[in-house]
Amino acid sequence: MEQGTAVSTDPEVQPAPAPAQPVMMIEAHGLSKYYGPFVAVEDASFTIPQGQVVAFLGPNGAGKTTLMRMLTGFLAPSAGRATIAGFDIREQRIEASKRLGYLPESGPLYPDMTPLELLRFFGEARGLPPAILTRRIDEVVEICALEQALEKPIGKLSRGYKQRVGLAQALLHDPDVLIMDEPTAGLDPNQIRQFRDNITRLGRTKTLLISTHILQEVEAVADRVLLIHAGRLLYDGPRVDLEENGSLEEPFYRLTRELAADAAPGTDTRTPPAASGDATPPDDADATAR
Ligand SMILES: Nc1ncnc2c1ncn2[C@@H]1O[C@H](COP(=O)(O)OP(=O)(O)OP(=O)(O)O)[C@@H](O)[C@H]1O
Ligand SMILES: [Mg+2]
């Protein structure tokens, strides 16, 4: 018998169990969003297993925010579906939301509330028991370095502090999945560094999808990259496979420029497939609690 294929007859030595199927925490199945004839996102499909940190890259207007809003249930897709921890984000919204923290591009709602009031409000809305809520508020205030700003109305806080409040809110219920739309936009260098440390720590137990324009940030925190351009996913794979000479700068430039160059003047590459005929009007559900 060849080496490596021997089967032990010793009852104490059992063959190693087959690896358990990884749990998929974020799934996109053919997600598309059309605004009339304009394609914001076209047929995006991917799955992200538990514990992975994924960077979502793409130039301005590529479709990152649109796709994230469909994943988090704030925007109805024209086609396709999304699940969080196995729960359909539209059909099983409450179950999915319990496991999801979302930091939107626009920052926290309710400018008249102080951060403390906002965190209490969202914690109570999520049904966190008072003792747990108090503890969690202490924890997220520390993680996001919010002590200085707790009593000031959110509308009067600097952009960076607003961003921290949004992050604290996304982390409050200790969700398994975090979807963050440009979380470091507006943070100072010290905060960016602290944020990276937080991501590294959170990534040990949680599943993270983070959009950013800062390529060095991706190099620092993400194992995998999703690259979107003109509404279409161009790359989905390990970060290191995309890098050239240890950097993402050149491949990012080339991939996103190449496609733009393909679009000859007057050629609109962002039109929906003829068969779909879907011209779903904007269906933004921003008024619902995050
Ligand atoms: N409600 C809307 N109606 C029409 N077009 C829209 C609407 N919302 C977004 N778009 C368009 O969809 C495209 C994708 O926008 P999106 O905000 O998803 O880009 P993005 O990748 O997040 O860009 P950025 O890096 O600037 O944040 C853009 O061309 C945008 O103008
Ligand atoms: Mg965006």
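Here are some friendly notes on this predicted model, point by point.

1. **Reading the model.** Residues are numbered from 1 along each chain as its sequence is written, while chains are lettered from A and ligands numbered from 1 in the order in which they are written. Because the model is predicted, local features need pLDDT of at least 70, side-chain atom pairs count only at pLDDT 80 or more, and totals for chains, interfaces and linings use all residues.

2. **Confidence.** The protein chain averages a pLDDT (the predictor's confidence in each residue, from 0 to 100) of 85, and 83% of the residues score at least 70. Residues 1–8 have a pLDDT below 50, with 2 contacts beyond near neighbours in sequence. Residues 276–290 are also below 50, and this stretch has 20 such contacts. Two residues are in contact if their C-beta atoms, placed from the backbone, lie within 7 Å. Where pLDDT is low, the predicted coordinates should not be read in detail.

3. Helices (H or I, at least four residues) and strands (E, at least two) are DSSP runs, numbered from the N terminus.

4. **Helix α1.** Is α1 enclosed or open? 8 of its 8 residues are buried, so α1 is largely enclosed by the rest of the structure. Buried means that 20 or more other C-beta atoms lie within 10 Å of a residue's own, with C-beta atoms placed from the backbone. Lys64, Arg69 and Leu71 are among the buried residues. After α1 comes Gly73, with a positive phi near 85°.

5. **Strand β7.** In β7 (residues 177–181), 5 of the 5 residues are buried, so this strand too is largely enclosed by the rest of the structure. Val177, Ile179 and Asp181 point one way, and Leu178 and Met180 the other. In a regular strand the side chains alternate between the two faces of the sheet.

6. **Neighbours of β7.** Strands pair if DSSP finds at least two bridges between them. β6 (residues 100–103) runs parallel to β7, joined by 4 bridges, with Leu100 partnering Val177. β8 (residues 207–211) is also parallel to β7, over 5 bridges, and its Leu209 stands opposite Ile179.

Key: Buried ≥ 20, exposed ≤ 12 C-beta atoms within 10 Å, placed from the backbone.
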